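Here's a quick tour for anyone meeting this structure for the first time. Have a look at it below, and then we'll walk through a sheet and the helices around it.

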Amino acid sequence: MKTKDFYSVLFLLMITLSLFSQTSGFYDFKVKTLEGQDFDLASLKGKKVMVVNTASKCGFTPQYEDLELLYEQYKQKMVIIGFPANNFMNQEPGNALEIRQFCTDNYHVTFPMMEKISVKGKDIHPLYQWLTSEEKNGVMDSSVKWNFQKYLIDENGKLVDVVYSKEKPGSDKVMAWLNGK
């Protein structure tokens with residue numbers, strides 16, 4: 001094989017491998033709402049997105065109120081998506097109907113709430129695999145440490161940062177992200 005042919009084959013092989021190694025992006029995921037309806041994350045293109053794992057029996061549960069206030073104020077340019085999860089001390093034991101009723105009755109939640117999923121462990125949801133793996137999201141590794149951890153996604157579907165549970169939804173970090181600072 002001539003040197004030129006070798007490099008041509010090598011080049012094609014590298015392009016092929018790079019295409020196969022590319023991971024899916026945020027907009028490639030489809031999830032289910034609490035009511036069982038399909039929700040295509042691609043419908044959120046052009047908006048910032050905050051992904052939050054939620055629980056109704058947690059010390060951070062009052063953050064639902066802060067999340068709703070933030071959503072109401074910024075819903076023209078940002079969407080909050082809640083993912084109930086029972087990964088931490090069984091703090092989200094309810095079924096979809098119970099979770100919806102709890103969120104509505106206690107915190108008047110109007111931002112999209114998705115079906116209950118796992119955010120860590122062997123049965124981690126594919127979206128959370130993407131959120132927590134630099135290999136998949138291209139930005140950073142992280143782990144979900146507790147309920148009400150927030151992942152910030154920009155208008156192009158790129159992971160920007162993670163905000164841990166103790167930090168409130170309206171923190172300086174979140175407001176800087178929202179306001180492009």
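How many bridges join strand 5 to strand 6, and do the two run parallel or antiparallel? Strand 5 (residues 150-153) and strand 6 are joined by four bridges and run antiparallel. In that pair, Lys-150 sits opposite Val-163 of strand 6.

A word on the source: this is a predicted model, where local features need pLDDT of at least 70 and side-chain atom pairs count only at pLDDT 80 or more, while totals for chains, interfaces and linings use all residues. Residues are numbered from 1 along each chain as its sequence is written, and side-chain values use heavy atoms, with hydrogens and water left out.

Now the whole sheet: four strands make it up, open, in the order 4-3-5-6, with mixed pairing. Strand 4 (78-84) and strand 6 (159-163) are at the edges with a single partner strand each, so one side of each has no neighbour in the sheet. (Strands are DSSP runs of E, at least two residues, and helices runs of H or I, at least four, numbered from the N terminus; two strands pair if DSSP finds at least two bridges between them.)

Helix 2 (residues 63-74) packs on this sheet, touching strand 3 (48-54), strand 4 and strand 5. Contact here means heavy atoms within 4.5 Å.

Helix 2 also meets helix 3 (residues 96-107): their axes come within 10 Å and cross at roughly 75 degrees. These residues make the contact:

| Helix | Contact residues |
|---|---|
| Helix 2 | Tyr-64, Glu-65, Glu-68 |
| Helix 3 | Phe-102, Cys-103, Tyr-107 |

Methods
Axes fitted to C-alpha atoms, helices over the stretch in contact; angles between N-to-C directions.
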